[in-house]
Amino acid sequence: MDISEVRVRRVDQAGKLKAYVTVTFDNQFVVHNIKVIEGREGDFIAMPSRQLANGEFAHPISSEFRDHLQQVVMEAYAANVDEEDQESEQ
């Protein structure tokens, strides 16, 4: 499964929540509201916490895919931060 698009919406309020991210997979499936959160040991992602009708939550099945998803999201977040910082300097 390929990640075909990552969109970052930064949060400008004080606190640990830094951004909401939307990830599209294979141009077929989208996950909204992945959170970028500031942690004690660095930023990390948190999957959406809306409970499904059957009582389960959406989440990556394997730790390898979760690591890959976190890497892609954090790279997109860093690029977004850099882009906004450059725009504010102009």
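**Strand pairing, a salt bridge and an aromatic cluster**

Strands β3 and β4 (residues 42-46) pair in the antiparallel sense, over five bridges. The model described here is predicted. Two residues separate β3 from β4, and the two strands form a hairpin. Across this pairing, Glu38 stands opposite Asp43 in β4.

Glu38 also takes part in a salt bridge. Its partner is Lys18, and the two side chains meet at 3.0 Å, N to O. The structure holds one salt bridge. Lys18 has a relative accessibility of 22% and therefore counts as partly exposed. Glu38 is likewise partly exposed, with a relative accessible area of 32%.

Most residues other than glycine have a negative phi. Accessibility was computed for both positions. Asp26 reaches 35% relative accessibility, so it counts as partly exposed. Asn27 reaches 59% and counts as exposed.

Aromatic contacts were examined next. The structure holds two aromatic pairs. In one, the ring centres of Phe25 and Phe29 are 6.3 Å apart and the planes stand at 40°, so the pair is tilted. Phe25 is buried, at 5% relative accessibility. Phe29 is exposed, at 51%. Phe25 also pairs with Phe65; this pair is tilted too, with 5.9 Å centre to centre and 45° between the planes. Phe25 lies in strand β2 and Phe65 in helix α1 (residues 63-89), so this pair ties together parts that are 40 residues apart in sequence. Phe65 is partly exposed, at 23% relative accessibility. Through these ring pairs, Phe25, Phe29 and Phe65 are linked into a cluster.

Methods: Residues are numbered from 1 along each chain as its sequence is written. This is a predicted model: local features need pLDDT of at least 70, side-chain atom pairs count only at pLDDT 80 or more; totals for chains, interfaces and linings use all residues. Side-chain values use heavy atoms; hydrogens and water are left out. A salt bridge is a side-chain nitrogen of Lys or Arg within 4 Å of a carboxyl oxygen of Asp or Glu. Buried means under 20% relative accessible area, exposed over 50%, partly exposed in between (1.4 Å probe, protein chains only). Two strands pair if DSSP finds at least two bridges between them. Helices (H or I, at least four residues) and strands (E, at least two) are DSSP runs, numbered from the N terminus. Rings of Phe, Tyr and Trp (its six-membered ring) pair if their centres lie within 6.5 Å; planes under 30 degrees apart count as stacked, over 60 as edge-to-face and the rest as tilted.
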